[in-house]
Amino acid sequence: MTDDNQTAADFIEVGTGSDARRIAIALQPQAPGNALAHFVWLGGYRSDMSGTKAVELAGLAARLGTACVRFDYSGHGASGGAFTDGTISRWLEEALAVIDHAVKTLGSRRLVLVGSSMGGWIALRAVAELAARQDIEVGGLVLIAPAPDFTSELIEPNLTEAERTALAERGQFEEPTPYGPDPNIYTLKLIEDGRKNRVLDGVIETGCPVHILQGMADPDVPHAHAVRLMEHLSGDDVVLTMIRDGDHRLSRPQDIAKILDAADVLARGD
């Protein structure tokens with residue numbers, strides 16, 4: 001399977017025994033002699049690697065001559081596993097396995113993590129896990145409408161009595177979404193695991209430049225959440241771009257242009 005960027009799709013196995021799942025990856029190699037950081041796309045909740053922003057990022061990589069890595073979390077897109085088994089820890093494990101596989105396959109050790117919504121949370125957790133690695137260098141983070149700690153900060157405080165009852169009795173609840181015909185499903189295991197992966201409890205040390213892009217008309221992640229995240233990030237090399245009329249997806253051409261500009265700068269190390 002290939003797309004317009006001639007990106008080959010592959011699969012890796014993550015986990016063992018009954019916990020094993022097949023993760024779909026699209027690796028777009030760099031041009032010979034490329035010295036730029038490669039991109040790793042970290043999608044949002046219920047998103048997949050064929051989305052507009054992911055494909056546009058792959059297009060930027062092709063124009064720059066650098067590599068791009070996209071993948072689907074378990075229960076998403078072309079990957080195996082049940083969506084309702086998903087947790088932040090589980091999807092983080094998959095992200096780290098994909099990064100490992102990509103570094104070994106591409107031979108490029110410097111990367112820029114580009115995370116959208118929940119992918120922003122996973123990017124922040126991943127950079128902490130990668131901090132001690134000598135074979136991988138994170139050159140920057142691009143966080144698009146980032147939703148760190150969304151389970152405890154944005155979902156739990158707003159649960160209705162009916163939703164609390166559903167969690168207690170069925171282990172999950174559903175809510176309609178404007179992004180598709182099927183409702184969002186939130187499980188008790190996702191919420192409980194989210195508490196173990198919180199990043200907004202103290203200083204977040206990424207060790208690299210960070211560029212946050214946030215829509216002020218975002219109905220899902222309030223722009224105050226991005227401001228709070230910025231306050232937790234250490235260091236001076238943090239940029240927050242507020243897009244006054246931007247929604248949660250930030251997929252309009254003018255939004256995409258801002259995202260790609262940020263990714264371009266971090267890939268070059270400017």
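Biologist: Which helices and strands supply at least two residues each to the lining of the largest pocket?
Modeller: In this predicted model, they are helix H1 (52–64), helix H4 (150–155), strand E7 (172–175) and strand E8 (184–187). Helices (H or I, at least four residues) and strands (E, at least two) are DSSP runs numbered from the N terminus. A pocket is an open set of points on a 1 Å grid where a 1.4 Å probe fits, with protein on both sides within 12 Å along at least five of seven lines; lining residues have an atom within 4 Å of a point.

Biologist: How many residues line the largest pocket, and which lie nearest its centre?
Modeller: The lining has 39 residues, and Tyr-45, Tyr-179, Asn-184, Asp-220 and His-248 lie nearest the centre of the pocket.

Biologist: Before we go on, what are the ground rules?
Modeller: Residues are numbered from 1 along each chain as its sequence is written, and side-chain values use heavy atoms, without hydrogens or water. Local features need pLDDT of at least 70 and side-chain atom pairs 80 or more, whereas totals for chains, interfaces and linings use all residues.

Biologist: Changing topic, how many aromatic pairs are there?
Modeller: The count is 9, where rings of Phe, Tyr and Trp (its six-membered ring) pair if their centres lie within 6.5 Å, and planes under 30 degrees apart are stacked, over 60 edge-to-face and the rest tilted. Trp-121 and Phe-150 are an edge-to-face pair, at 5.6 Å centre to centre and 85° between the planes.

Biologist: Where do Trp-121 and Phe-150 sit in the chain?
Modeller: Trp-121 is in helix H3 (residues 118–130) and Phe-150 in helix H4, so that pair links distant parts of the chain, 29 residues apart. Trp-121 has 0% relative accessibility and counts as buried (under 20% relative accessible area with a 1.4 Å probe, protein chains only; exposed is over 50%, partly exposed in between). Phe-150, at 8%, is also buried.

Biologist: Why is the pair of Phe-173 and Tyr-186 called tilted?
Modeller: Their ring centres are 5.5 Å apart and their planes stand at 40°, so the pair is tilted. Phe-173 belongs to strand E7 and Tyr-186 to strand E8, so the pair ties together parts 13 residues apart in sequence.

Biologist: Are Phe-173 and Tyr-186 buried or exposed?
Modeller: Phe-173 and Tyr-186 are both buried.

Biologist: Which residues make up the aromatic cluster?
Modeller: Tyr-45, Phe-71, Tyr-73, Phe-83, Trp-91, Trp-121, Phe-150, Phe-173 and Tyr-186 form one cluster.

Biologist: And which residues of helix H5 are buried?
Modeller: In H5 (residues 161–170) they are Glu-163, Ala-166 and Leu-167. The face turned away from that buried side carries exposed Glu-161, Ala-162, Ala-168 and Glu-169.
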